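Here is a short tour of one structure. Begin with the sheet, then turn to the helices.

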Amino acid sequence: MSEQPTQPPPTKGGPEWWRQKFTNITGLGLSDEDRAAQRTISECRKCEKNRDYLISYSPIVRFLLENITQLGGKMDSSNIKCMPCENFQSGGFSPEYGVLLCQNRLRDKGHTEDTLAHELVHVYDHLRFRVEWEELRHHACSEIRASSLSGECRWTREAFTRGVFDFTKQHQACVKRRAILSVQNHPKCKDEAEATNIVNQVFDSCFADTRPFSEIYR
């Protein structure tokens, strides 16, 4: 059987080239599946571009990466991965696989920076303190530190992204709230009441521990 001749690509600047270009930009004429695939590709490219920029230029990300390296760890684009997520988390950490950035949940470069810094605090804790992630108190402590040190609970982020304008102990309240939500999603946690109790038990000591920073990043 003879091979079917392949269609040459459309001439750049020609009618078919412009039709395909317009379709890719607007999504018009695409099936729902093609539109979803195009969106996934676009989100991945944006996430990876922001990740690579932050690894090279973000002071907080670079500082955490340096401290992770000093502990014998290695974090780079090979184990900081952009992938779509089905739930509403913006990132995650697995001791086995590395850091996950949820490409479909990250709004912009600032949000990506906060998320990456949060997960890198978990990496640091895993290497420095030998965290047992199945232990709720260990998990809660690292979540407290990650929310406190990553910058995601600074006043500007709370006020202009989440609409929280409380000046009184705003940082501590944000850290506690986010830690409770994370612990509540742990498979071994029964409910919000247990998560709140666990976080309250370890909050003061874990919030006060700012390693590897000399103070809280704001």
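## Sheet and helices

This predicted model contains an open sheet of 3 strands, ordered S1-S3-S2, and its pairing is mixed. Strands S1 and S2 form the edges, each pairing on one side only. On average, neighbouring strands of this sheet are turned by 20° against each other, direction ignored.

S1 and S3 run parallel and are joined by 4 bridges. Within S3, Cys102 is the bridge partner of Met83.

The strands span these residues:

| S1 | 80-83 |
| S2 | 91-94 |
| S3 | 98-102 |

A helix covers part of this sheet. Helix H2, residues 32-57, lies across S1 and S3. H2 runs at about 155° to S1.

Next comes a pair of helices. Two packed helices are described by the angle between their axes and the distance between the axes. Helix H3 (residues 59-70) packs with helix H4 (residues 109-129) at an angle of about 15°. Their axes are 10 Å apart. Angles under 35 degrees count as roughly parallel, so H3 is roughly parallel to H4. The crossing of H3 past H4 is left-handed.

Which residues of H3 and H4 make the contact? H3 contributes Ile60, Val61, Leu64, Leu65, Asn67 and Ile68. From H4 come Glu113, Leu116, Ala117, Leu120, Val121, Val123, Tyr124 and Leu127. By class, the contact of H3 with H4 has 12 nonpolar residues, 1 polar and 1 charged. Asn67 of H3 is the polar one and Glu113 of H4 the charged one.

How values were computed. Residues numbered from 1 in each chain as written. Predicted model: local features only at pLDDT ≥ 70, side-chain atom pairs only at ≥ 80, totals over all residues. Heavy atoms only, no water. Axes fitted to C-alpha atoms, helices over the stretch in contact; angles between N-to-C directions. Helix = DSSP H or I, 4+ residues; strand = E, 2+ residues; numbered from the N terminus. Parallel < 35°, antiparallel > 145°, perpendicular 65-115°, else oblique. Left-handed = near helix turned anticlockwise from the far one by under 90°. Contact = heavy atoms within 4.5 Å. Pairing = 2+ DSSP bridges.
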